[in-house]
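Let's walk through this one together, starting with a strand pair and moving on from there.

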Amino acid sequence: MGNVDLNADLGEGYGAYACGDDAAMLAVVTSANVACGLHAGDPEIMASTFRLAKEKGVAVGAHPGFPDLWGFGRRRMPFTPAEIERLVAYQVGAAAALAAYAGHRITYVKAHGALANLAAEDRAVADAIAGAVRAVDRDLALLAIALTAQVPAGEAAGLDVHQEIFADRGYTEDGQLIARSQPGALITDQDEAASRVLTMVQEGAILTASGKHLPTPIRSICVHGDSAHAVGTARAVRATLEGAGVTLAPFKP
């Protein structure tokens, strides 16, 4: 099976408002996707998250999204692919700067929320994200949703692409994430999430809502950091994988 990365979306507070237990998550995960200030996060939160991640030996990546603080980046916005490319470049640059300021270094980029979901189905948007990453730093990897347009877009841009699955989300029959408004979208039982992840990793396939297996390389597993059960789920996933002999390790630059 090889090594598998365990990542979480972190640094998603804003100003005086916290979101999730980042300190606890950084004691569990191997990589942290840090919000870049548009859907969440700000310079203070970014710097402190990067600094704590370095102390914990956790790899870090930029987590760019739509400029939508009210909607937490989970609403689609009418930007053109060219505008999206510049929005992503802007955020990757900010993450690289704040990570360097904190004595750390970003090694990958993962799109957030509605932007990521749009890029999963729209090749032009996926190409825009990959193009922005390549333009800012072609040595950065792309963390892509498995079996989506993000994968060929990253490969076409010459990026190192790592495919990820989600521990706490359900999948449709074609391998897409079930919309959050639909039944089965969120998996809140930590033991169920851990068991599903182990099955997917061992079989190298996404497990759909009906139980169908869709083969795919799996290099990383995401646990969303903003939910009430995030830390428990991350701990359960890690314990289950390690108990089955799976080695957890971050991406290497």
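Strand 4 (residues 106-109) and strand 5 (residues 141-145) run parallel and are joined by 2 bridges. Pick out Val109 and you'll find its bridge partner in strand 5, Leu142. Keep in mind that we're looking at a predicted model.

Zoom out from that pair and you get a closed barrel: 7 strands in the order 1-2-3-4-5-6-9, with parallel pairing. Going from one strand to the next, the twist averages 35°.

The largest pocket has a volume of about 400 Å³. Its lining is made up of 24 residues, and the ones nearest the centre are Gly113, Ala114, Asn117, Arg169 and Leu177. Helix 4 (113-121) and strand 6 (161-166) are the elements that each give two or more residues to that lining. Helix 4 supplies the largest share, with 6 residues. Here's how the lining of the largest pocket splits by residue class:

| Class in the lining | Count |
|---|---|
| Nonpolar | 9 residues |
| Polar | 7 residues |

What about the cysteines? With a cut-off of 2.5 Å between cysteine sulfur atoms, the count comes to 0 disulfides. Cys19 is in no disulfide, as its nearest cysteine sulfur, on Cys222, sits 13 Å away. Looking from the other end, Cys222 isn't in a disulfide either, and the nearest cysteine sulfur there is that of Cys19, at 13 Å. Is Cys222 buried or exposed? Its relative accessible area is 0%, and buried means under 20%, so Cys222 counts as buried.

Key
Residues numbered from 1 in each chain as written. Predicted model: local features only at pLDDT ≥ 70, side-chain atom pairs only at ≥ 80, totals over all residues. Heavy atoms only, no water. Buried < 20%, exposed > 50% of the residue type's maximum accessible area, 1.4 Å probe, protein only. Pairing = 2+ DSSP bridges. Helix = DSSP H or I, 4+ residues; strand = E, 2+ residues; numbered from the N terminus. Axes fitted to C-alpha atoms, helices over the stretch in contact; angles between N-to-C directions. 1 Å grid on protein atoms, 1.4 Å probe; cavity = no way out; pocket = protein on both sides within 12 Å on 5 of 7 lines; lining within 4 Å. Points joined across faces, edges and corners; volume = space filled by probe spheres on them. Nonpolar A, V, L, I, M, F, W, Y, C, P; charged D, E, K, R; others polar.
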